[in-house]
Amino acid sequence: MSQRSCLSVILAAGEGTRMKSAMPKVLHPIAGLPMVAHVVKAAEAAGATGVALVIGHGAEEMRKAAQKFAPKAETFVQEKRLGTAHAVLAAREAVSRDYDDVLVMFGDTPLIDSEALAVARQKLAEGASVVVIGFRTPNPTGYGRLIERRGKLFAIIEEKDCSEDEKKITFCNAGMMAIAGKQALQLLEKVGNNNAKGEFYLTDIVEIAGAQGLAVVATEASFENALGINNRVELAEAERVWQARRRREAMLAGVTLIAPETVYFSHDTEIGADTVVEPDVWFGPGVKIASSAKIHAFSHIEGATIASNADVGPFARLRPGADLRAKAKVGNFCEVKQATIEEGAKVNHLTYIGDARVGAAANIGAGTITCNYDGFSKFFTDIGEGAFVGSNSSLVAPVTIGKGGYVASGSVITESVPDDALAFGRARQKTLPGKGKELRERFASAAVARKKAAE
Ligand code: UD1
Ligand code: CA
């Protein structure tokens, strides 16, 4: 089957008014990725070599977004929304290009499983001309019903065109179809619009192909494959299903999730075996975690790389460019951005490290801040291997703390500290014996005098 070429035509011209959004519906994200990009991914995983996106509403925004999530996709504009068959024909130029297989998919059905698509393509390879992906549900309202006769798929009838008896059928059209490339164009061109909605239905090609004596079959997939998103409630439902799948996949791959339902993955999160993730952790895009790391509760992590045996949180925030090497530790209420925390270095409490390198085995005291921004530009802080930065220090970048350098607590460091030097960036302490008692007595008698004067 791998030798067969495959075009995926993704229909996404609909307006999506029920999202009540300024953004085209199919660009709303699931796990941080536009829902239509999930559809493209599934098509590619099922072997699609060409992607044709049919757009209409918000065409400019769609084109721009597509350049990011599917740079090789061609876009076709469907000027008027006259139905799903009409929409596929908007991509006529691609469809007529002699692909072996044509997969028709919907941009608003993001949970489609590449396995279901691969099964449909397999049926084409075995000689079918049209393959419909079906599912069974006790609540079929709204879906096209699959009408079988003598064990064969005979037709698909849309809800609005169903008789009372047909409405009782629970075998439904998930929407996706696989069509033999050789037949696709002639079948689509024969579709008319004589139905309750006056639309050109893609589903009509089932009957048309059957009448031509071509083989038409239905496969069965799970309901989730058909989950179309029309409003934000369904968007959240799709997110829920996606997250549940991903958590399961992570756990089966050796990741411990103590409370899986409270951990949120991004579409591209990578996480190694024997890593433990405590409850209430959020992964934004671009996170790569090696094996045997520990992510403690309530951490918020995006664009970060975490090496094995690193320890993060609780309550840590890792922002893009955070690069934690083996056994590094970033503890509670610490924020790290665009900074490398080298092997075994510790940033344990209440600290901001931005635009910096913290050398191996260095220790950063509580409340340390890299002052990396002057309101205009960002500057770099370099902290050498084995350095010690005392608590509550401000490191005013650009600045270097040398290897083994020692910064006294409460310092404001504006000049670089050489290797193994000790730097004080604070006023010296003065201690006056007995002066505390004297001061207390003076304040007490002043208070008494004020009270008397007020009487
Ligand atoms: C479609 C199927 C139905 C199936 C259901 C599953 C048809 C005729 N019906 O119905 O059998 O059970 O999906 O969800 O195919 N689109 C365009 N241009 C158009 C029309 C639609 O781009 O002119 C796009 C829409 O944006 C949407 C997709 O095609 O992403 C499906 O269209 P929609 O109108 O939602 O079809 P359904 O009525 O849900
Ligand atoms: Ca729909």
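A polar contact here is a pair of N or O atoms within 3.5 Å; within protein, one must be able to donate a hydrogen and the other to accept it, and residues adjacent in sequence count only if both atoms are side-chain atoms. The model is predicted, so local features need pLDDT of at least 70 and side-chain atom pairs count only at pLDDT 80 or more, while totals for chains, interfaces and linings use all residues. Residues are numbered from 1 along each chain as its sequence is written, chains are lettered from A and ligands numbered from 1 in the order written, and side-chain values use heavy atoms, with hydrogens and water left out.

I will start with ligand 1. One of its oxygen atoms is 3.0 Å from a polar backbone atom of Gly14. At Ala13, a backbone N or O atom also lies 3.0 Å from an oxygen atom of the ligand. For Glu158, a side-chain N or O atom is 2.7 Å from a ligand oxygen. Taken alone, ligand 1 exposes 750 Å², and the protein buries 88% of that (accessible areas by the Shrake-Rupley method with a 1.4 Å probe; for residues, only the protein chains shown count as cover).

Now Phe69. Phe69 belongs to helix H2, residues 59-69 (helices are DSSP runs of H or I, at least four residues, numbered from the N terminus). Is Phe69 buried or exposed? Phe69 is buried, with a relative accessible area of 17% (buried is under 20%, exposed over 50%, partly exposed in between, with a 1.4 Å probe and protein chains only). From Phe69 to Cys172 is 103 residues in sequence and 30 Å in space, C-alpha to C-alpha.

Last, helix H10, residues 435-454. Of its 20 residues, zero are buried, so H10 lies largely in the open.

Technical notes:
Helix = DSSP H or I, 4+ residues; strand = E, 2+ residues; numbered from the N terminus. Expected span 1.5 Å × (residues − 1).
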